[in-house]
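Dear colleague,

Here is the structure you were expecting, with the sequence alongside.

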Amino acid sequence: MRALATLRSHTVTLLVTIGALAAVVAAAVVATGSGPPSVSFREPGHWVYNRIERAAFHVDAGTRRVDARVDVPSAAGDPLAVLQGHRQGFVVAREAVSPFARAALTVGAPAPTGHDEVPVGVEVVGGPYLVYPQAGTIVRLGEPPTSVEVGGPVGTPVHTADGTVWVHRPDTGEVCGLRSGAVTLDCAASTAPDAVGALTVVAGRPAWLDTAAGTLTIDAGTPVAVGTDLTGPVLVGQADGTGRLPVVVPGRGALVLADPGGSTPVVVDLGPGRYAAPAAVGNVVAVLDLDRGRLRTFDATGAPLRSIDLAPGATGPTRGEDGRLYVDDPQGTATTVVEPDGSATTVTTGGTSSAGVARAVAEVSAGGTPAGTDPDGAPVVVPRAPTAVAVKRQGDVLTVSWRAPAGVVDHYTVVLDRAVATTTTATSATLHSTVDRPVRVAVSATNAAGTGPLSAAVTASAAVVRPGAPVGLTLAADARRPSAFAPSWTAPDLGGGDLVRYEVSLMSATGVRTTRTTTATSLPPVTGEPCAVPYTVSVRAVTRTPGGRLLTGPPTTATSATRSRSGCAVRMALAAKADGDDTITVTATDGGGATGPCALSVGGEIRWSGTCGDRARTRIAVGGLDSETTYTVVLTARNPDGTTIRTDPVSVTTD
């Protein structure tokens, strides 16, 4: 990164308070131990949203057990994550954020996010934060929440220990930090515009990994060669561990442990596959193999430590404020905690017999498979059938979850339409099936004594998926009205849902956006502002599933024809004369240009405002002036494209 010549500050937009906690939805609270049900939680630990029980569970970092639960009402929407702050927790959905009180653990009224994208959650001192990469918005959650606009789309955020959230703006190259408690951005550093690479944190400071050049730059320091090929897409850890920055190069199937000092990097062969971004804590680096549902850990030298089988579709690893790594089950029924020494524990959430009980993860070594024993020394018996089997469909992906039976279980077998689909040691699995027909799913448990009976079968209905993008969007021009056009399109594949509406967005070249809705595949002719062409039009379909959920499809976009913009500036001539000892009369004459708002300044003070242009002559009397005094008169007007013009100054002396 290079230091900028000046420090630029970005203005801040304050949001309204998320919701009065007096109007809360009652929520059941469960606390373990001998303390009272009202549990105070600290930043250490991790919140997990259990989709099966629709409740958030807090995993205590020290005991690695669940120590608090809060039920999430339907008003909170479809939660994506649960974030914790110093005084509140926040249930984050795509469309709204719902706070819950620290002491009482009751969920408050949801507040709309105002954004149509999935945010990136950041837990850090002074936070938590939500970052909307496409909108270029950083939101600090709290009372009240604070929103800061970066000015353009940003990459994946990172954070430093002092509570600063850092983002990189690709179009300008700016690297901006929002410090704890601040309401403006510090954008004093930058990369080259459109630089290829990733923002990260090294030695507690923001750093830029230039994958094209193969260099790492900390703050405004000298770029240091990484020493290995990083071309192509890479997955960069949010921060370094003990002197090593983890980078996964999917094209090579390799984990690179780069040395910020420039020494030879460690390269670990991961093999082909899909991987999540790596994470480092202490001397441990963790990589999640998405294809195999396996978490692999290594030390700083690249030596393998553990290989942990998880449910397919697990998310993470993410680094908590407490210096631990967390990997969540896709349904939130468990989270795996990785300590800085490399040890790992899986903590289940919800359920009855397994609720809040920590259990050791199954470690798979190169030479064999894990063996299960009864921790109480009792004879191992064939397990009963798993209970509470549930299936959630998203397109051709089925996420199956269940409740473990009592006793020892070595693994589970998931049956799809009477055929074995997969085996797993977790209490959930991700399957694939065709979307055009219902399927039946059942689960059995196996231990050293044998395989138990299948659970009751659960049916997953044929999928209703998001609608496609409308096809063939055209903007038919009107020969008589150069700025008019008529949008029309062909209906997309609705994905099995029922059409609710089409959402049509019209954005002028001057940045003014209007929206319209219709159930037809066209709009009546739209007459735009002649000085605001061309217009960019986007159309997307919104459907409803049988369960009532709204699904919004991707947009299709077209741009109207560009017309000549001659005459798109306000042209005014100014004259002034004295009209008594304390009054002057100013005449503003239109020169044949556009119409726009204008203001008259007399002696540096705004004395009149109105509309100029439209081939009109405007006479303005300005009184209350000092006698025998010379005043400078200037007219300022705003053009339709947002620019401003000023007339030549005119001097006039009162009598």
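Throughout this message, a residue is called buried if its relative accessible area is under 20%, exposed if over 50%, and partly exposed in between, as judged with a 1.4 Å probe on protein chains only. Please keep in mind that this is a predicted model, in which local features need pLDDT of at least 70 and side-chain atom pairs count only at pLDDT 80 or more, while totals for chains, interfaces and linings use all residues. Residues are numbered from 1 along each chain as its sequence is written, and side-chain values use heavy atoms, with hydrogens and water left out.

Of its 655 residues, 47% count as buried. If a contact is taken as heavy atoms within 4.5 Å, then 50% of the contacts between residues at least 6 apart in sequence join residues at least 24 apart.

Disulfides

A search of the whole structure for disulfides, meaning pairs of cysteine sulfur atoms within 2.5 Å, finds 2 of them. In one, the sulfur atoms of Cys176 and Cys187 are 2.0 Å apart. This pair links distant parts of the chain, with Cys176 in strand β17 (residues 174-178) and Cys187 in strand β18 (residues 186-190), 11 residues apart. The torsion about the S-S bond of Cys176 and Cys187 is about 115°, so this disulfide is right-handed, and both Cys176 and Cys187 are buried.

The other disulfide joins Cys598 and Cys612, with 1.9 Å between the sulfur atoms. Cys598 belongs to strand β54 (residues 596-602) and Cys612 to strand β55 (residues 605-612), so the bond ties together parts that are 14 residues apart in sequence. The link of Cys598 and Cys612 is right-handed too, at 75° about the S-S bond. Cys598 is buried at a relative accessible area of 5%, and Cys612 is buried at 1%.

Leaving aside residues up to four places away in sequence, Arg169 touches Val150, Gly151, Gly152, Pro153, Val154 and Glu174.

Strand β19 (residues 197-202) has 5 of its 6 residues buried, so it is largely enclosed by the rest of the structure. Strands are said to pair if DSSP finds at least two bridges between them, and β19 pairs with strand β20 (residues 205-210) in the antiparallel sense over 6 bridges. Within this pairing, Leu199 stands opposite Trp208 in β20. The two strands form a hairpin with 2 residues between them, and Ala203 in the turn has a positive phi of about 55°.

Nonpolar cores

A nonpolar core is a set of buried Ala, Val, Leu, Ile, Met, Phe, Trp, Tyr and Cys residues joined through side-chain atoms within 4.5 Å. The largest such core has 19 residues, and those with the most contacts inside it are Leu574, Ile584, Leu600, Val602, Val633 and Leu635. Two or more residues each are given to this core by β52 (572-578), β53 (584-590), β54, β56 (617-622), β57 (630-638) and β59 (650-653), and the largest share, 4 residues, comes from β57. Not counting residues up to four places away in sequence, Leu600 touches a set of residues that includes Leu574, Val586, Trp608, Ile620, Val633 and Leu635. A second, separate core of 16 residues includes Leu473, Val526, Val533 and Ala541.

With best wishes
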